[in-house]
Structure formats: C-alpha cells, structure tokens
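Keep the picture beside you as you read.

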Amino acid sequence: MIKNRCTYLCNLKLLLIVLVVLGHSLEQIQAQGSIVYRIIYLFHMPLFAFVTGLHLKTVQKCLKQARAALFLYFPVQGVIVLGGRLAGYSDMRLTEPFWHLWYLLSLCLWALAAAAVCFWRERHRHGHVILLLAAAVCSLLCGALPLGRFLSLSRTVCFFPFVLLGAFCPVRLQEGPSVKCRFALAAAGGLGILPLWAALRNVPYEFFYQAAGYDSFSLSVPEGCIIRGISLLAALSLGALALAAVPARKLPVTKIGGDTLPAYLLHIVFLPLAALLRTDGRNEWSAVFLIGVFSFAVVLLSWELGRWSRPMYTVTPRQ
C-alpha cells in the first residue's frame with residue numbers, strides 16, 4: 001500500500017475519475033460527437049497511465065500492484081462473464097475485459113513490464129530515452145496487429161509509453177510541480193495546439209479508444225501510425241496542461257481522489273440514470289454541464305458506498 005500520498009496526486013486522480021465517469025455518461029445521451037467527449041478521450045486514459053507509472057518505480061511495488069490488479073480483475077470479470085453466459089451471451093470470455101475492466105488487466109500487464117524495466121534500471125543507469133523510444137514505436141506499430149480486445153493488449157501497448165514517463169518522472173513531481181514547472185508544462189501544452197486541432201477536426205472519436213487496429217478504420221499502417229502519433233501528441237499536450245492546472249493544496253474533496261477504486265467499479269450502476277438528462281434540442285454545453293454535475297455526484301456517491309472496501313491504494317492526504 002502507498003500511504004501519505006500528497007494532495008496534488010489526490011486532486012489529479014479526482015479530476016481523472018470524474019472525466020472517466022463524464023465520458024461514459026455522455027455516451028448515455030448519445031453525445032460522443034461533442035468536442036468535450038473527444039477531448040476527454042484524447043487524454044484522460046494516457047494521463048491515468050502516467051499517474052500509474054508514478055507508483056511503479058521499484059520491482060517490489062510493481063509486482064505488488066500486478067498481483068492486486070489481477071486478484072481484483074478475475075473475480076469481477078468472472079461474475080460478469082457468468083452472468084452474461086446465463087443471459088445467453090456466449091461470446092463473453094475472461095480474456096476479453098468487459099467495458100471499463102480493461103484498465104485492471106492493462107494495469108497488471110503494465111506493472112509486470114515496469115518490473116522488468118525496474119530490474120534493468122537497477123543494473124543500468126542510462127537508456128531511459130531508448131526505452132521510451134522503443135515503447136513509442138511499439139505503440140504506433142501495434143495498431144497493425146489484430147490484437148482487438150484480447151487481454152486488452154491494444155490499449156496496453158498503446159498507452160505504455162505514458163506509464164514509462166510516469167515511472168521515469170522525478171519523485172518530487174508527486175508533491176506538486178513548482179511554479180517554474182507549471183509554466184513549462186503550460187508552455188509545452190500550448191505547443192500541442194496544432195496536433196490537438198488536427199485530431200479534433202479529422203479523426204473519428206472511436207479511434208481515441210485505441211482498442212482496435214488500423215484496418216478497422218480502413219487505414220493503411222503508415223496512415224494509422226501518423227494519426228495515432230498525432231493523437232498521442234495531443235494527449236501529451238492536454239496532459240501537460242492538466243498537470244499545470246491541478247492545485248497542490250488540500251480541497252474539501254481531495255480525499256475522494258485518494259481512493260478512486262469505488263467510483264471506477266461502481267459508476268456503471270448509475271449510468272442508465274444519465275439518459276434521463278438528455279436535452280434534445282437544447283444547447284450542447286447545457287447538456288455537458290448537467291452531465292458534469294451528475295458525474296461528480298456519481299463519483300461522490302460511489303466513494304461513500306465504497307468506504308467499506310479496501311482500495312487498491314490506501315491514501316491519506318497530507319494535512
């Protein structure tokens with residue numbers, strides 16, 4: 001367990017879990033084409049992968065995290081598969097994660113890969129850039145393979161460079177970036193306006209899920225690599241802006257970000273209620289606002305319901 005995590009990371013995780021619920025809630029009102037939905041799916045999971053990497057800095061921590069994710073994934077996925085089979089859905093399998101559970105399986109695989117990286121780093125102090133470049137190349141090329149949903153390999157490989165960025169990130173960032181660092185992150189994010197604009201204008205929102213091969217979008221391998229590269233650069237830019245904007249001080253809701261597992265597991269129970277907020281004929285932004293309030297309420301309620309459960313990370317924000 002990781003204790004005494006700083007308020008900065010708690011606030012960052014709170015933002016990300018709200019974005020997860022918001023993205024899923026927008027799907028319930030058929031708002032996948034909105035600019036807010038596209039922006040969310042451009043960067044929220046890459047940034048979650050980065051945060052995951054921040055906690056994968058030693059072999060011991062990596063193996064412990066892999067075990068925790070695996071022990072959580074199989075019981076939950078097993079119950080869903082059993083229920084699906086009883087309901088007549090014979091195509092449901094343990095090796096193909098149900099909807100949001102892909103993250104648990106990817107988390108396990110990321111932790112195992114990070115353990116190998118940590119083992120290598122203990123013996124070689126250099127080579128970070130080479131590892132990142134190799135991961136980036138694999139991220140681009142994996143779209144040429146028919147990986148699909150099997151073991152969540154497509155997303156696992158695609159987002160792994162962000163995990164490595166977190167693993168290689170200086171520990172002091174976990175306490176919140178300095179003023180200089182915030183300005184640098186904001187400037188770096190500003191440089192990503194062009195790839196962000198290109199991604200929002202021309203790329204189908206389904207592409208941002210990074211869960212299917214390039215052939216699913218009738219793209220050649222070079223075309224798919226270019227588009228994925230653009231979307232990942234946009235994710236870097238938006239992630240940098242988020243890191244620069246998140247406050248480091250303790251807020252009344254900071255403790256919710258200290259334990260996001262209940263919201264991650266339970267929010268799908270409340271998603272059908274989001275359909276009641278559909279605002280046909282109204283302004284798109286009013287719908288997004290209502291769904292945003294709903295999403296935060298779901299996160300808060302899930303956190304309250306999950307206080308009895310043992311979280312994946314035990315976190316106590318600093319006073």
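The largest cavity contains about 40 Å³ of space. How do we look for such spaces? A probe the size of a water molecule is rolled over the atoms, and this shows where empty space is left.

Which residues line the largest cavity? They are Y41, L42, P46, F159, F208, Q210, S231 and L232. Helix α2 gives the largest share of this lining, with three residues, and both α2 and α9 (221–245) supply at least two residues each. Sorted by class, the lining of the largest cavity has six nonpolar and two polar residues, with no charged ones.

## The largest pocket

Next, look for the largest pocket, which has a volume of about 670 Å³. It is lined by 35 residues, and those closest to its centre are M45, W99, H100, W102 and Y103. Two or more lining residues come from each of α1, α2, α4 (102–121), α6 (153–168) and α11 (261–270).

Helix α2 turns up again here: with seven residues, α2 provides the largest share of the lining of the largest pocket. The lining residues of this pocket divide into 20 nonpolar, ten polar and five charged.

## Two helices that cross

Now find helix α1 (residues 7–28) and helix α2 (residues 35–54). Their axes come within 9 Å and cross at roughly 140°. The crossing of α1 past α2 is left-handed.

Which residues make the contact? From α1, they include L9, L12, L16, I17 and the charged pair K13 and E27. From α2, they include V36, Y37, I40, Y41, F43 and M45. The residues of this contact divide into 18 nonpolar, three polar and two charged.

## How confident is the model?

The protein chain has an average pLDDT of 87, and 92% of the residues score at least 70. Which helix has the highest confidence and which the lowest? The highest is in α6, at 95, and the lowest is in helix α8 (residues 193–202), at a mean of 74.

Take care with residues 311–319, where the pLDDT is below 50. Beyond near neighbours in sequence, this stretch has 34 contacts in the model. Where pLDDT is low, the predicted coordinates should not be read in detail.

Key: Residues numbered from 1 in each chain as written. Predicted model: local features only at pLDDT ≥ 70, side-chain atom pairs only at ≥ 80, totals over all residues. Heavy atoms only, no water. Axes fitted to C-alpha atoms, helices over the stretch in contact; angles between N-to-C directions. Helix = DSSP H or I, 4+ residues; strand = E, 2+ residues; numbered from the N terminus. Left-handed = near helix turned anticlockwise from the far one by under 90°. Contact = heavy atoms within 4.5 Å. 1 Å grid on protein atoms, 1.4 Å probe; cavity = no way out; pocket = protein on both sides within 12 Å on 5 of 7 lines; lining within 4 Å. Points joined across faces, edges and corners; volume = space filled by probe spheres on them. pLDDT = per-residue confidence, 0-100.
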